[in-house]
Amino acid sequence: MYLVFTTNDFPWLTIIVIFPLFAGSLMLLLPHRGNKVIRWYTICICVFELLLTTYVFCFHFKFDDPLVQLADDFKWIQFLDFYWRLGIDGLSIGTILLTGFITTLATLAAWPVTRDSKLFHFLMLAMYSGQIGSFSSRDLLLFFIMWELELIPVYLLLSMWGGKKRLYSATKFILYTAGSSVFLLIGVLGIGLYGSNEPTLNFEILTNQSYPIALEIIFYIGFLISFAVKSPIIPLHTWLPDTHGEAHYSTCMLLAGILLKMGAYGLVRINMELLPHAHSIFCPWLMIVGTMQIIYAASTSPGQHNLKKRIAYSSVSHMGFLIIGIGSITDPGLNGAILQIISHGFIGAALFFLAGISYDRIRLVYLDEMGGMAISIPKIFTMFTILSMASLALPSMSGFVAELVVFFGIITSQKYFLMSKIVITFVMAIGMILTPIYSLSMSRQMFYGYKLITGPSSSFFDSGPRELFLSISILLPIIGIGIYPDFVLSLSSDKVESILSNYFYR
């Protein structure tokens, strides 16, 4: 037993990927003993999974090695010559830990859900497996399967536990994401079947594969469309505000904290790592789109009267910094993009959670109808204010460090002319000025003023122990990363250097 748990040959990643789905399937077979049993069972599964993941990464992962580690490689389907290939490196370890942390807190946030709670929590665990599988896949077809695995759970969570327009939002979500998956599948099959008698979908082999530039550009565009929907990148972002506006806030935490990050991860893992020449051609366009996205979303957000839609547009704006970091082709730029993935995962999930528990009390979603809530719910007011400051990149918060590192990435980039860098930096600075406008005005409309809120007085109780614990749990890593960003940057720096040195600086 000791040898099993101290060796790297043990299929750790396979267990980590399969366990939530397997445990969730067992939950469906359990006799119905009340909602509380289902909740505690799901929370225990998520906590155990997070502790197992942390143990494996702490004791079996070498942080100074940019190569793939903890690799599992099994023949899965003999007839199709299909392999189960998993592995992690510095690019995926942070996103997997983020997935475990946010999913655990989202299951705790879903405590008030009582209708069909067994199905609800099973879908959350199914999403958990699909998301970790996407971040750890080392086979393109397995990546596609894991990518698709979380679509149906999100659709059902939206359509069954959403708001008044839940069916419209769920249909729009599935049309956008399933439609974009067609491009992903075509790209996967095209890359796998190109140029060899024996098709291969192994990441390690495809990393050294070269393509005619025209074909590489076609592959790149297909993958870009797929990942642009999930990230999202304008103009393929319109599903996001509607989805966030109608979803239960625990689902919003998973969407903002993890789902959007899968698109950004795909851009780096596939577009940047497997198709470097096409990426070097498209990266100026990514810079332009990212800059436009920051300004567009930051300008559109103040016009949103729905609280969760305003937060959703702030997410679209922050994703612009991530796109610019990926397009800069520098160590600081790419490291800043990865840091932004982690940072916004925490901040976005926290804001949607606080918006959700505020709705639980006042039953209002439109900012025009709110006001004067600070006196009634001072703890929620305090946490919302602090996390709004984190969203607008206040120093000592993770968002400030991520955006600052992206700025350094642009300034130090050798690919762009000085005037181009000045214009992009100037426009990004305007976006950072617009961010406090919509963020602070949101807090002012909710918590300040003298407007009387019409509603039963019994609903005006402040944050309870569960909600306070959850808010502080998300706030601590935001402050921790803001004070000591090397905690995250050290995970990815060697892998980022490896990507850039192998493909762009040859």
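**Group meeting: helices, a buried glutamate and aromatic pairs**

Good morning. Let us begin with helix α14, residues 307-328, which has 22 residues and reaches 33 Å from its first C-alpha to its last, close to the 32 Å expected at 1.5 Å a residue. That expected span is 1.5 Å times one less than the number of residues. Helices here are DSSP runs of H or I with at least four residues, numbered from the N terminus.

This is a predicted model, in which local features need pLDDT of at least 70, side-chain atom pairs count only at pLDDT 80 or more, and totals for chains, interfaces and linings use all residues. Residues are numbered from 1 along each chain as its sequence is written, and side-chain values use heavy atoms, with hydrogens and water left out.

Is α14 largely enclosed or exposed? Because 21 of its 22 residues are buried, α14 is largely enclosed by the rest of the structure. Buried means under 20% relative accessible area, exposed over 50%, and partly exposed in between, with a 1.4 Å probe and protein chains only. At the start of α14, a side-chain oxygen of N306 comes to within 3.0 Å of the backbone nitrogen of K308. Just after the helix, I329 has a positive phi of about 55°.

I turn now to E150, located in the loop between α6 and α7. E150 counts as buried because its relative accessibility is 0%. Its side chain is joined to that of K230 by a polar contact of 3.1 Å. A polar contact is a pair of N or O atoms within 3.5 Å; within protein, one must be able to donate a hydrogen and the other to accept it, and residues adjacent in sequence count only if both atoms are side-chain atoms. The charged end of K230 also sits over the ring of W147, 3.8 Å from its centre. For this, NZ of Lys or CZ of Arg must be within 6 Å of the ring centre and within 35 degrees of the ring normal.

Finally, the aromatic rings. Rings of Phe, Tyr and Trp (its six-membered ring) pair if their centres lie within 6.5 Å; planes under 30 degrees apart are stacked, over 60 edge-to-face, and the rest tilted. By this rule there are 19 aromatic pairs. One of them is W12 with Y55, edge-to-face, at 5.8 Å centre to centre and 70° between the planes. W12 lies in helix α2 and Y55 in helix α3, 43 residues apart. Ring pairs also link F143, W147, F223 and F227 into a cluster.

Terms used:
Helices (H or I, at least four residues) and strands (E, at least two) are DSSP runs, numbered from the N terminus.
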